[in-house]
Amino acid sequence: MNSEKLVLTMSCPDKPGIVYAVTGLLASVGGNILESQQYNDDAEGRFFIRIEAFVPGGKSTIEAAMTQLAQNYSMDFRIAEIDKPVRTLIMVTKESHCLSDLLAKHRDGRLPIDIAAVVGNHEDLRSIAEFYEQEFIYIPITAQSKQEAEQELLNIVREREVELVVLARYMQILSPELCQILAGNVINIHHSFLPSFKGARPYAQAHQRGVKLIGATAHYVTMDLDEGPIIEQDVVRVAHNDTLHDLVAKGAEVERQVLSRAVRWHAEHRVLMNGSRTVIFS
């Protein structure tokens, strides 16, 4: 039986009667609202709402009625079961800090995700995945094999019913075609030095320039490299006597925190797209 605890997320052009229509629909089937948050973007004239509710009979009870309501209000909506973890694929290269953090928090029940597999374009992190009893799939990528590798990745996504792909310091650029297919369902993490310190050894460049802040950004992946809608950011301060090793350690820590928060908020259906931006319901 479907879970009877649901989360509804909706966005549409703002006009009177939206909340009344949605809550009235829930009341008509005996639903009980447990939590509700809303936001009006006056500049864009758009309305956003997230509702957690107990609905007798679960998702099937309101799906048809919500579809009709969505047509009436030109509404984008989603209904999800609160207790159902999001099927997630984690992709890695050689840096382990984000993968270790995600797997540890998943094991401890702090991330509402169901890990389908860990995919790496190098073998370096297989032992970490297997330590946490997760399958590791090696998909090497070269300039000549990129198209075949991405097709293999897509096959995994489809066969394992993956809903979210997390690039946990995955050091490959996804093709525009793959970005389009997976739009809104791929989260990336990167340091805050872009665009100032590009290329190799950005921490060494930052240390040489004497930066005072190190940060990280988690965002949805789009065809525009590292310019997708931002989900979460954070910074830590750098002291004058911090070494290059200290900077790298601080950067790794803030990347772990930012990425895990972004993954959790997405998996809890707290992130709504607002054009090139996001609305985050806490």
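The structure is a predicted model, in which local features need pLDDT of at least 70, side-chain atom pairs count only at pLDDT 80 or more, and totals for chains, interfaces and linings use all residues. Residues are numbered from 1 along each chain as its sequence is written, and side-chain values use heavy atoms, with hydrogens and water left out.

**Nonpolar cores**

- The largest nonpolar core holds 41 residues, and those touching the most other members are Ile90, Val92, Leu99, Leu102, Ile187 and Leu259. Helix H8 (residues 244-267) contributes the most to this core, with eight residues.
- Another core, of 23 residues, lies apart from the largest one and includes Ala149, Leu154, Ile156 and Val165.
- A nonpolar core here is a set of buried Ala, Val, Leu, Ile, Met, Phe, Trp, Tyr and Cys residues joined through side-chain atoms within 4.5 Å. Buried means under 20% relative accessible area, exposed over 50%, and partly exposed in between (1.4 Å probe, protein chains only).
- Helices (H or I, at least four residues) and strands (E, at least two) are DSSP runs, numbered from the N terminus.

**Annotated position**

- The unreviewed UniProt entry places the feature "active site" at Asp226. UniProt positions are given in the numbering used here, feature names are shortened, and annotations may be inferred rather than shown by experiment.
- Asp226 belongs to the loop between strand E10 (213-220) and strand E11 (230-237). With a relative accessible area of 29%, Asp226 is partly exposed.

**Loop between H4 and E7**

- Glu135 sits in the loop between helix H4 (126-131) and strand E7 (136-138), and its relative accessible area of 42% makes it partly exposed.
- Beyond its neighbours within four places in sequence, Glu135 is in contact (heavy atoms within 4.5 Å) with Ala117, Val118 and Arg160. The side chains of Glu135 and Arg160 are joined by a polar contact of 2.8 Å.
- A polar contact is a pair of N or O atoms within 3.5 Å; within protein, one must be able to donate a hydrogen and the other to accept it, and residues adjacent in sequence count only if both atoms are side-chain atoms.
- Glu133 is found in the loop between H4 and E7 and is exposed, at a relative accessible area of 73%. Its phi is near 60 degrees, a positive value in a residue other than glycine.

**Loop between H8 and E12**

- His269 lies in the loop between H8 and E12 and counts as buried at 10% relative accessibility. Phi of His269 is near 60 degrees, a positive value in a residue other than glycine.
- Most residues other than glycine have a negative phi.
- Arg270 is found in the loop between H8 and E12 and counts as buried, at 11% relative accessibility. The side chain of Arg270 makes a polar contact of 2.8 Å with the side chain of Glu268.
- Leaving aside neighbours within four places in sequence, the residues in contact with Arg270 include Glu35, Arg50, Glu52, Trp265 and Phe281.

**Second largest pocket**

- Of its 15 lining residues, Thr9, Arg78, Val271, Leu272 and Met273 lie nearest its centre.
- Strand E1 (5-13), strand E4 (76-81) and strand E12 (271-274) are the elements that give two or more residues to this lining.
- On a 1 Å grid over the protein atoms alone, a pocket is an open set of points where a 1.4 Å probe fits, with protein on both sides within 12 Å along at least five of seven lines; lining residues have an atom within 4 Å of a point.
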